[in-house]
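Welcome, and please take a moment to look over the sequence and the model. A guided walk through some of its features follows.

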Amino acid sequence: MKGAELNSEDLEGALKGLLGKGVVDCLVMPHRAGKNVSYMLVKDADKIESPASAIFAPSFSVNAANLIKGWTIKEKVGILAKPCEIRAAIELIKLKQMEKESVLLITVDCAGAYTNQVYAEHYADIGDEVDSAKIKELEGKGITIRESCAICENKLAAVGDIIIAKGAGGNVVVAGLTDMGVDALSALELSLEDKDLERAAEKEKIAAEAKAKLDALPQMGSVEALEEFLQDCIVCKNCRDMCPVCYCKECFFELPLGKPTGGDLLNLAELRGAIGLPPGQLFYHMTRVYHVSTTCVGCGACEDACPKDIPLTRFYPVITKKVQDIFEYVPGKDVEEPLPFTAYEEEELEDKLR
Amino acid sequence: MGEEIKGDFEPKIVGFTCNWCTYAAADLAGTSRKKYPPNSRIIRLMCSARLDPMFVLKALLNGADGVFFSGCHPGECHYIKGNFYARRRIAALRTILQQFGLDDRFKSYWISASEGEKFANTMKTQSEEVKKLGPSPFRGKIL
Ligand code: SF4
Ligand code: SF4
Ligand code: SF4
Ligand code: FES
């Protein structure tokens, strides 16, 4: 890996340079908005101020990949975001929702994030960034990271074109993972050297902790439990709209068959005696979980988006992980690896047919 | 719908079969007078790959007591590789169904056009198995 260690001033210079030197035409990145952070689309490098206080902020608003999904522009877009967001962008490239060459993907280390609301409320306690020790300490005060973050195994920046890893003493290590990433860093005139971020042990520790949290979550197990879980769902489909990897231009659940109204509903009621309203709660979620089964990055944006506070992390990431395991597929890990549903092996999975 | 007692009811089973193999096997079973229970409503697809897992979900949610899918043996798809893709989709769907204990209500088979007898036997076993499971948990529910 080619990279450089930067202090926060140099980091600001480097990010400004991406725009100033024309490496990208625009940049999607977090910025400070009072006690919180949200995303901005920057064209003018001078708008980037003290980025270090925003890019590591443990606050989740939207999945940034969802913000640039389906753009049809010829300009090159830089996107600086957390691992789950860049992984979603990589899935979107594979799903042909964006061109690999048209985006520069920059991943930052993440230790876990709070919802926007929790973050703003407890900003005095949480601060601009956290590490796992701090997260544990805050947990003692009842300030907890999102459940999707608790079970997230992929917190270290390890995908995309460039990673920004936390280094010692407030410094960061910026490194290129792809040719595009290394070229971008070279254009910034950083003095690049071979960087070996020995993080295997840390990675393992994170994965083990995440797995323990995942295993401790309640399992659904039955139709009754599923019905109870979804009983408050009003089928607003916010979870779909905020999901980075739900990308259909025409969702089945907006079409007459998926969203029956009037006479169609009456016919269904006639057939079954009575039907629930709004219709299709179970059908919608069962279908959606299949649709995202191989591409869900476990970001928890769906749960954050639910107006009914349904803990959707216990549904989407938990179930999709089981599907991903049978294909030994980690979404967003490798842009060259084919999507499981677009590939096959001649001899496989016969134990799943019965 | 819905009042029957477990073990003592006639299950409703929805089957999705490929035109080139299992659908023909069903025909063969019929013309060669192999006996099998009449619980299944068969829907013909042009290939395994036409099986959208939504079909299975919809049938289950609408109260089918069992659902099955059957296509050409791997390597024998009329369109060369349709069933290889289908096998992956089915594996994913089954993994999801497992989370809610619905796995046993969904069966998947490979039955070629010449396997009329296998088709009849499969239908028999399946019908018995679904009978044992009892009516669908979605039957009669307001969904
Ligand atoms: S899901 Fe993982 S990468 Fe995404 S915000 Fe949470 S901890 Fe960070
Ligand atoms: S289903 Fe939920 S957790 Fe999975 S990618 Fe979509 S928004 Fe993120
Ligand atoms: S966001 Fe919540 S209420 Fe809306 S469809 Fe999704 S689960 Fe249902
Ligand atoms: S034609 Fe029968 S499985 Fe493709």
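In which sense, left-handed or right-handed, does α14(A) pass α2(B)? The crossing of α14(A) with α2(B) is right-handed; a crossing is called left-handed if the near helix is turned anticlockwise from the far one by less than a right angle, and right-handed if clockwise.

Before going further, a word on how to read this report. This is a predicted model, in which local features need pLDDT of at least 70 and side-chain atom pairs count only at pLDDT 80 or more, while totals for chains, interfaces and linings use all residues. Residues are numbered from 1 along each chain as its sequence is written, chains are lettered from A and ligands numbered from 1 in the order in which they are written, and side-chain values use heavy atoms, with hydrogens and water left out. Helices (H or I, at least four residues) and strands (E, at least two) are DSSP runs, numbered from the N terminus.

## Where helices of the two chains meet

Two packed helices are described by the angle between their axes and the distance between the axes. Here the axes are lines fitted to C-alpha atoms, for helices over the stretch in contact, and angles run from 0 to 180 degrees between N-to-C directions. The table shows two such pairs.

| Helix in chain A | Helix in chain B | Axes come within | Crossing angle |
|---|---|---|---|
| α14 (residues 281–291) | α2 (residues 53–61) | 10 Å | roughly 155 degrees |
| α16 (residues 316–326) | α3 (residues 82–98) | 9 Å | roughly 140 degrees |

The angle in the α14(A) row makes this helix roughly antiparallel to α2(B), whereas α16(A) and α3(B) are oblique to each other. For these words, angles under 35 degrees count as roughly parallel, over 145 as roughly antiparallel, 65 to 115 as roughly perpendicular and the rest as oblique.

Contact means heavy atoms within 4.5 Å. On the α14(A) side, L282(A), F283(A), M286(A), T287(A), Y290(A) and H291(A) meet P53(B), M54(B), L57(B), K58(B) and L61(B) of α2(B). These residues divide into eight nonpolar, two polar and one charged. In this sorting, Ala, Val, Leu, Ile, Met, Phe, Trp, Tyr, Cys and Pro count as nonpolar, Asp, Glu, Lys and Arg as charged, and the others, Gly among them, as polar.

The pair α16(A) and α3(B) also has a right-handed crossing. Its contact is made by I319(A), K322(A), V323(A) and I326(A) together with A91(B), A92(B), T95(B) and I96(B).

## Around ligand 2

Helix α16(A) turns up again here. The shell around ligand 2 holds 13 residues, and the closest are C243(A), C296(A), C299(A), G300(A) and C302(A); a residue is near a molecule if one of its heavy atoms lies within 4 Å of it. The elements giving two or more residues to this shell are α15 (301–305) and α16 of chain A. By type, the shell has 10 nonpolar residues, two polar and one charged.

## The sheet of chain A

Chain A has an open sheet of eight strands with mixed pairing, in the order β3-β2-β5-β6-β8-β9-β1-β10. Two strands pair if DSSP finds at least two bridges between them. The edge strands are β3 (36–42) and β10 of chain A, each pairing on one side only.

Strand β1 (residues 2–6) of chain A runs antiparallel to β9 (residues 172–176) of chain A, with five bridges joining them. It also pairs with β10 (residues 193–194) of chain A in the antiparallel sense, over two bridges. G3(A) stands opposite A175(A) in β9(A) and opposite E193(A) in β10(A).

## The sheet of chain B

In chain B, four strands form an open sheet with parallel pairing, in the order β2-β1-β3-β4. Strands β2 (40–45) and β4 (106–110) of chain B each have a single partner strand, so one side of each is left without a neighbour in the sheet. On average, neighbouring strands of this sheet are turned by 20 degrees against each other, direction ignored.

## A local detail

A cis peptide bond joins L277(A) and P278(A), with omega about -10 degrees. P278(A) is placed in the loop between α13 (262–272) and α14 of chain A.
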